[in-house]
Amino acid sequence: MPFKKAMSAADLPSGTMKHVNIGGVEVLVANVGGAYYAINNRCPHMGGSIAEGKLEGTIARCPQHGAAFDLSTGKNVGPAKVAFMKLKVKDAVRYPVKAEGGDIFVDVA
Ligand code: FES
């Protein structure tokens, strides 16, 4: 599957993340110090929009129950917290991403 344009790099300053629909796939794209990352934006726990949460370095935290994902690997690195329970969450799907000519491209294949 080819890379598809996600957004202009100018729309994603360092230290921010946004979600974008690419071919029907909800993708979170982040810029961490000039390095770009892309994972599926739907939280594997209960489908929260991870991009609406917090970005701390390469760690994105889901706003719904706080599950944390390392954007460099897609791995879940922190549990979802519901009431007093801590629940293990699956890893997020990570996608190849590149910047070219001032735009950011993601391969969601
Ligand atoms: S939906 Fe993301 S932590 Fe629950």
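Me: Ground rule first: two strands pair if DSSP finds at least two bridges between them. So what does S11 do with S12?
Reply: Strand S11 (residues 97-100) and S12 run antiparallel and share 4 bridges. Helices (H or I, at least four residues) and strands (E, at least two) are DSSP runs, numbered from the N terminus. This is a predicted model: local features need pLDDT of at least 70, side-chain atom pairs count only at pLDDT 80 or more, and totals for chains, interfaces and linings use all residues. Residues are numbered from 1 along each chain as its sequence is written, and side-chain values use heavy atoms, without hydrogens or water.

Me: What order do the strands take in that sheet?
Reply: S1-S12-S11, three strands, open and antiparallel. S1 and S11 are the edges; each has a single partner strand, so one side of each has no neighbour in the sheet. From one strand to the next, the twist averages 30°. Those angles use lines fitted to C-alpha atoms (for helices, over the stretch in contact) and run from 0 to 180 degrees between N-to-C directions.

Me: How many bridges link S1 to S12?
Reply: 4, joining S1 (residues 4-8) to S12 in antiparallel fashion.

Me: Which residues face Asp-103?
Reply: Ser-8 is its bridge partner. Glu-100 stands opposite Asp-103 too.

Me: Is S12 (residues 103-106) buried or exposed?
Reply: Buried, on both faces. Asp-103 and Phe-105 take one side, Ile-104 and Val-106 the other. Buried means under 20% relative accessible area, exposed over 50%, partly exposed in between (1.4 Å probe, protein chains only).

Me: What about the turn between S11 and S12?
Reply: A hairpin with 2 residues between the strands. Gly-101 has a positive phi near 55° there.

Me: Which residue other than glycine has a positive phi?
Reply: Ala-83, near 55°. Most residues other than glycine have a negative phi. Ala-83 lies in the loop between strand S9 (80-82) and strand S10 (85-87). Ala-83 is exposed, at 73% relative accessible area.

Me: New topic. What lies over the face of Phe-3?
Reply: Lys-98, 4.4 Å from the ring centre. The rule: NZ of Lys or CZ of Arg within 6 Å of the ring centre and within 35 degrees of the ring normal.
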